[in-house]
Amino acid sequence: MRILIVDTFYPAFLGDHYGRSPGLASRPYAEQWRALMGTFFGTADSYSYHLRPLGHEAHEVVANCSPLQQAWAAENAFRPGRRRPHEEIVLAQARDFSPDLVYVQDLHYLGRRALRALREVGGRLVGQIASAPPPAGKLRLFDLILTSFPHYVDRFRRLGLRSELFRIGFDERVLTLLDEEEAPSGIEGAVFVGALNRRRHRSGNSVLEQAARRAPIDFWGYGARGWPADSPVRRRYHGEAWGLDMYHVLRAGRIAVNRHIREAGGYANNMRLYEATGVGTMLVTDAKANLADLFEPGREIVTYRSADELADVVNHYVTSDDERREIAHAGQRRTLREHTYGQRMKELVSILEATA
């Protein structure tokens, strides 16, 4: 199969990435693409890299990365119109790549007209989502929708859509790129890296703040401005951490704290589950119904059900070095055995072939 993967990256990350590399925006498409994938932000090129040994060609298009997309257009003598140039460039890339399938990672970014056109070019349109979905009319443009939310599978099927469970994973290439000298120093407790928006993730982040009043938890991420000055989230906030910087923070912490977004409901599914365990840090995550399908609580990870329980767990394991390391090592072994993108791409190919 030839698979064109259409993705988007957080604008804040893109701004940080290009801001760190003056002149990168004027470099050739291939050089910009490689630099972007080399950050290991999101899923980066984990799909195409691990699909290749399975005999499939794939390429990730970052549809909202203007310098990258403009470089492609210039090199291919393509002049998009003024109305929706970002969509026109993606369609031109699809026609150039001639995919058997177009795989959309962000179901919100492209309009319905562009999605219909991509389906015509690729013959088959597959979407992946683990957030609030777009309207049903837009979902029906897809031949198949994959999701790491178990409850979304049934929800989509009740709408008459084809849907399958497809979990997130960890790219073990990250382990060869982590440098002790680049890791933040002075972390003596737990770390949390993620969205710190006080309103958008009110419930989960409120639990983190309450726990941090009693336990050593340091914070990295975006959206921290809304917290009052006396909040431990604000006082122990160290800035944004994207891609490899995030992995450095996770590995430097004695404990990595996780919480799920509201849309996850009662199910565990997010990327931090695998990112934290993958780099060998003990994971403490909110208890979910399906968690035992992924890790063994108490042996490979630790769970909590309230702010007080989270604080107690962090305070206990911060000083219980041997016990903490044993759980961290067991969690990493599980992730490297069952939850890598090498394994996930085998699962993806099986799903795509079975639903063709």
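**Exercise 1. State the accessible surface of the protein chain and the share of it that belongs to carbon and sulfur atoms.**

Solution. The model is a predicted one. Its protein chain has an accessible surface of about 15,800 Å². Of this surface, 46% belongs to carbon and sulfur atoms. As for burial, 54% of the 356 residues count as buried.

**Exercise 2. Determine whether the radius of gyration of the protein chain agrees or disagrees with that of a compact globule.**

Solution. Begin with the chain length, which is 356 residues. For that number, a compact globule would have a radius of gyration near 21 Å. The protein chain has 21 Å, so the two agree. Along the principal axes, the C-alpha trace spans about 60 × 45 × 40 Å.

**Exercise 3. Locate alanine 44 and decide whether it counts as buried or exposed.**

Solution. Alanine 44 is found in the loop that runs between helix H2 (29-37) and helix H3 (46-51). Its relative accessibility is 3%. Buried means under 20% relative accessible area, and alanine 44 therefore counts as buried.

**Exercise 4. Describe the phi angles of alanine 44 and serine 98.**

Solution. Most residues other than glycine have a negative phi. Alanine 44, however, is not a glycine and has a positive phi of about 45°. Serine 98 also has a positive phi, near 55°. Serine 98 lies in the loop between helix H5 (85-97) and strand E3 (101-104). With a relative accessible area of 46%, serine 98 is partly exposed.

How values were computed. Residues numbered from 1 in each chain as written. Predicted model: local features only at pLDDT ≥ 70, side-chain atom pairs only at ≥ 80, totals over all residues. Heavy atoms only, no water. Rg over C-alpha atoms; globule rule 2.2 N^0.38 Å. Buried < 20%, exposed > 50% of the residue type's maximum accessible area, 1.4 Å probe, protein only. Areas by Shrake-Rupley, 256 points an atom, 1.4 Å probe, with all protein chains shown as cover. Helix = DSSP H or I, 4+ residues; strand = E, 2+ residues; numbered from the N terminus.
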